[in-house]
Amino acid sequence: MAHAYTPGLQVAERTVVRKERRLPLKGEVLIKEGDTVEAEQIIARAYLPGDVELLNIAGQLGVSGDEIKPYLKKKEGDEVKKGEIIAESRGLFGMFKTQVKSPIDGVIESISFVTGQAILRHPPQEVSIKAYINGTVEKVIPEEGAIIRTVATFIQGIFGIGGEGYGEILPVCSSPDETLTPDLIPETAKGKVIVGGSFVTYEALQRAVEVGATGVVVGGIDADDLRHFLGYDIGVAITGTEKKGITLIVTEGFGRMNMAKKTFELLTKYAGRRASINGATQIRAGVMRPEVIITQEGEAEEPHKGWETGLEVGHLVRIIREPYFGQIGRVVELPPPLEQIETEARVRILKVKLDDKVVTIPRANVEIIQG
Amino acid sequence: MPQEKDYNAILATDCGSTTTKAILIEKRGNEYRLRVRGEAPTTVEAPFEDVTRGVLNAVREVEELSNREILEGEKIVKPALNERKGVDTYVSTSSAGGGLQMLVVGVVKSMTAESAARAALGAGAIVMETIAVDDGRLPHEKIQLIRHLRPDMILLSGGVDGGTITHVVQMAQIIAAADPKPRFGLTYKLPIIYAGNKDAREEVKKILGEKFDLHIVENIRPRLEEENLIPARNKIHELFMEHVMSQAPGYRKLMDWVDAPIMPTPGAVGLLVHHVAKQRGIDVIGVDIGGATTDIFSVFKGTFNRTVSANLGMSYSISNVLVEAGLANIKRWLPFDIDDADLCNRIKNKMIRPTTIPQTIEELKIEQAIAREALRLAFLHHKTMAVELKGVQRQRTISDVFIQEAAKSLINMMSLALIIGSGGVLSHAPRRVQAAMMLLDAFQPEGVTQLTVDSIFMMPHLGVLTTVHERAALEVFDKDCLIRLGTAIAPVGDGKEGEEAVKVELPDQTVTVKFGEIERVPLEEGQKVKVRIIPGRKFDVGNGRGRELVTEVEGGVVGLLIDARGRPLKLPEDDTKRKETLVKWFESVDMYPK
């Protein structure tokens with residue numbers, strides 16, 4: 001492997017964040033370029049076609065598909081109420097009529113004279129999308145949505161579940177190495193984004209759901225607790241559609257892992273501020289990671305230097321594999337030649353200064369931490 | 001097959017999902033040999049969004065290493081102008097952008113949706129999600145999900161021919177309402193294949209015909225007891241080549257550069273395996289275990305089969321190996337104790353940080369244990385798919401749904417002559433014997449089988465090269481691509497511990513191996529010797545129980561592995577005994593550093 005591919009997760013206090021917001025189908029955009037929007041403001045709306053029902057008119061009348069025309073009381077496009085007659089046979093001397101009634105309130109979308117069936121559609125459902133973040137409308141996507149821009153504190157997690165949410169940030173752990181346990185979660189956490197430390201227990205997650213918290217942001221979780229909480233095991237990391245009543249954002253990984261200092265400090269610093277969160281994760285080409293976004297006033301800082309240039313001596317890195325998994329240190333040496341590690345594999349390595357020692361790590365096993 | 005030209009320099013690339021690999025083949029004297037290889041990150045995703053950037057970067061590395069000028073600006077110089085400038089032909093394969101990603105939509109989750117998933121998987125797709133009427137999601141949730149996923153293609157099925165059309169029409173309505181956009185490019189319509197109840201075709205056309213690139217094929221489930229996957233599968237392949245690949249950023253340019261159609265990476269590997277089996281007249285299994293998927297290719301009795309286990313892999317899909325194999329099956333290959341929670345966390349951490357590598361021996365053993373299970377499951381999947389077709393469509397009866405017909409499988413482990421392994425965990429195993437043992441444990445070949453690995457994942461390049469220059473492809477394959485690990489001799493049968501299972505007479509020594517043991521006998525690469533194999537009376541090495549076999553075996557970097565651990569291979573149930581046994585096996589073949 002020629003390159004250490006893991007670029008690291010973005011954790012920035014003031015950066016430009018752009019979010020493309022699109023309706024699931026074409027509709028009406030309610031805002032215009034330059035507008036200031038709030039996270040929970042509806043910015044576009046559409047009407048989803050209602051569900052369809054098939055009605056076998058020919059079958060009920062006992063005629064073939066091409067014979068139903070004379071019996072129809074309604075035509076395509078007509079609105080119908082439940083129980084309303086759509087077709088009726090003449091019967092014998094005006095008696096023994098067969099009536100085909102609408103099973104729903106809705107509209108007759110089409111009537112086929114081949115199959116003798118009608119497609120009825122339930123009334124449309126309104127779907128809307130919110131701005132998701134506080135910001136300004138940078139660009140309107142006609143009939144679909146908009147791109148919202150803001151300057152914000154932007155924190156990426158490594159893995160999450162659940163979709164978008166908004167809530168006030170509520171740190172409940174006093175340090176990044178503290179475990180988030182149920183007793184730390186107050187009733188007042190309802191609607192809030194609970195910030196834990198190194199680890200969240202299954203019980204604490206349940207408690208967060210019980211009190212109605214919007215989300216939990218934490219350093220680590222046990223794979224087994226997550227399985228227990230979801231009711232199934234995740235095989236491939238494509239998430240975001242879980243409906244567990246909460247959005248979970250894991251910042252470091254599986255197991256007990258101290259939340260990165262900068263992440264914890266930022267989340268603590270902005271306690272009480274409202275954040276937009278999303279647990280959606282997709283790990284494959286075109287990585288999507290979960291995120292916490294806290295809108296800030298003013299302009300963005302210069303992007304962190306060295307972020308795009310790759311690893312350099314002096315960079316702060318997180319070790320992301322055993323045996324020093326989760327530890328953070330500074331790069332002290334980047335020897336160019338391949339070196340043999342314990343497994344006897346010959347790989348590119350780097351030397352990292354941890355608190356008490358310098359360790360050799362494959363370059364593939366670190367990620368750069370900003371700041 | 002076009003007439004083979006007298007090429008002196010051949011350039012080939014494989015645009016993988018993360019890395020683009022280029023190789024340069026040159027003619028030296030009268031033979032084709034690999035000269036150098038180069039690689040660079042693939043550039044299909046933002047910010048580059050042009051696959052040719054990565055190709056050019058990989059080719060530049062080849063230029064530097066070979067001292068041959070191949071590019072003039074951003075153009076490949078073709079044909080070669082002299083010995084130092086240009087190449088005579090250029091070919092490429094691709095699995096960039098995560099391969100073919102499909103959404104599967106059916107009516108009943110356990111029936112039509114499952115058949116559709118099988119068709120898509122068999123075609124080499126990654127099934128992003130299966131959506132069905134009864135999947136527990138509300139209609140608007142289904143719509144959101146479809147929109148969210150951005151597949152390359154959708155396969156819609158549902159209903160048996162002549163049955164009700166209501167539900168499949170509903171699913172078509174949901175797709176129409178979602179109006180999903182293709183992953184690459186907004187300028188083309190998303191391909192949808194309809195392979196459901198034929199009576200619903202007109203309705204489906206009305207609903208999807210305008211908005212999408214709709215293709216109608218035969219129902220994959222024409223009757224409840226019949227599954228007909230081939231037409232849908234063929235259509236998937238066709239659309240992948242025609243639409244999906246050509247829409248990926250930069251591919252139109254790449255298509256202009258190449259001298260043969262760009263092949264999907266697994267397709268090219270399959271082609272090569274097929275050629276090799278044909279050339280040597282043997283039965284072959286090829287396996288490529290990647291980060292997300294494991295592909296298995298086989299040729300038995302001249303019949304080629306390929307399966308893709310889309311969610312069995314060593315990084316993106318590693319957690320799914322745990323889900324499918326179960327923790328106990330992974331742990332059985334570990335010669336030490338490890339806490340369940342710890343092991344699960346490690347596996348999940350590899351999933352979310354897929355590019356990390358094992359640093360300690362313990363981690364390496366865990367990774368290789370998972371690889372055994374991924375390979376084993378992928379092979380099980382392959383065995384159920386590689387059945388005798390004889391040109392007719394495969395029919396599954398109701399009873400087959402419950403009982404897989406192993407008897408009809410084409411796979412015969414005794415006639416199998418060659419296993420080719422590829423993929424990081426096999427090709428980059430620090431000791432070659434580790435790769436050999438993973439192949440032995442997962443596939444459990446019987447009798448005499450040569451074990452090899454693809455040294456630098458060159459099989460895709462050589463596969464596509466067979467379409468323009470078969471000789472060059474097969475020569476390079478033979479001389480530079482394969483690393484010969486050695487030959488396994490595995491008697492089939494069950495015995496008592498300590499009982500003599502097999503005696504192998506080599507020219508200079510005789511080795512006797514007891515049941516439950518494995519021995520490694522050095523035999524150098526390139527060395528071929530005649531051996532007389534005498535199995536114990538309860539054991540078979542190819543000529544029947546207790547009957548001896550005289551054959552030629554080829555050496556390799558590992559040598560001969562005389563595997564008398566029994567077929568099927570059984571591990572002791574007692575945990576302490578199991579660990580001791582593993583340690584004994586590992587030590588006897590010198591598998592790990594002390």
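Here is a walk through a predicted model, stop by stop, with something to select at each one.

**Stop 1: chain B, by domain**

Start by colouring chain B in three pieces: domain 1 (9-96), domain 2 (100-247) and domain 3 (267-588). Now pick out domains 2 and 3 of chain B; their centres, taken over C-alpha atoms, are 35 Å apart.

**Stop 2: where B touches A**

Bring chain A into view. Here 51 residues of chain B are in contact with 45 residues of chain A. On the chain B side, select β3 (31-41), α3 (139-149), α4 (166-178), α9, α11 and α12 (361-385), each of which supplies at least two residues. Which helix gives the most to this side of chain B? That's α11(B), with eight residues.

**Stop 3: α9 against α11**

Stay in chain B and select residues 318-325 (α9) together with 340-352 (α11). The two axes come within 7 Å and cross at roughly 140°, so α9(B) and α11(B) are oblique to each other. Show side chains next: from α9(B), Ile318(B), Ser319(B) and Leu322(B) meet Cys344(B), Ile347(B), Lys348(B), Lys350(B) and Met351(B) of α11(B). Sorted by class, this contact has five nonpolar residues, one polar and two charged.

**Stop 4: α8 against α17**

Another helix pair in chain B: select 265-280 (α8) and 470-481 (α17). Their axes come within 11 Å, crossing at roughly 85°. That angle falls between 65 and 115 degrees, so α8(B) and α17(B) count as roughly perpendicular. Look for Leu272(B), His275(B), Val276(B) and Gln279(B) on α8(B), meeting Glu470(B), Ala473(B), Leu474(B) and Phe477(B) on α17(B).

**Stop 5: the cores**

Nonpolar side chains in soluble globular proteins tend to be buried together. In this model the largest nonpolar core has 274 residues, and those with the most contacts inside it are Met102(B), Ala120(B), Leu155(B) and Ile175(B). Zoom in on Met102(B): beyond its neighbours within four places in sequence, its contacts include Ala120(B), Ala125(B), Ile126(B), Val127(B), Met128(B) and Pro151(B). Leu155(B) is another of the Met102(B) contacts, and so is Asp152(B). Then move to a separate core of 16 residues; Ile57(A), Ala87(A), Ile111(A) and Ile119(A) are among them.

**Stop 6**

Most peptide bonds are trans, and most residues other than glycine have a negative phi. Here are some exceptions to click on.

- Glu322(A) to Pro323(A): a cis peptide bond, with omega near 10°. Pro323(A) sits in the loop between β23 (316-319) and β24 (328-333) of chain A.
- Lys78(B) to Pro79(B): also cis, with omega near -10°. You'll find Pro79(B) in the loop between β5 (75-76) and β6 (89-94) of chain B.
- Tyr132(A): phi is positive, near 75°. This tyrosine is in the loop between β11 (125-130) and β12 (135-141) of chain A. Is Tyr132(A) buried or exposed? Tyr132(A) is buried, because 22 other C-beta atoms lie within 10 Å.
- Phe457(B): phi is positive again, near 55°. Look in the loop between β17 (447-454) and α16 (459-465) of chain B. Phe457(B) has 25 C-beta neighbours inside 10 Å, so this residue counts as buried.

Note on methods
Residues numbered from 1 in each chain as written. Chains lettered and ligands numbered in written order. Predicted model: local features only at pLDDT ≥ 70, side-chain atom pairs only at ≥ 80, totals over all residues. Axes fitted to C-alpha atoms, helices over the stretch in contact; angles between N-to-C directions. Helix = DSSP H or I, 4+ residues; strand = E, 2+ residues; numbered from the N terminus. Parallel < 35°, antiparallel > 145°, perpendicular 65-115°, else oblique. Contact = placed C-beta atoms within 7 Å. Nonpolar A, V, L, I, M, F, W, Y, C, P; charged D, E, K, R; others polar. Domains from an automatic or database assignment. Core = buried A, V, L, I, M, F, W, Y, C linked by C-beta atoms within 7 Å. Buried ≥ 20, exposed ≤ 12 C-beta atoms within 10 Å, placed from the backbone.
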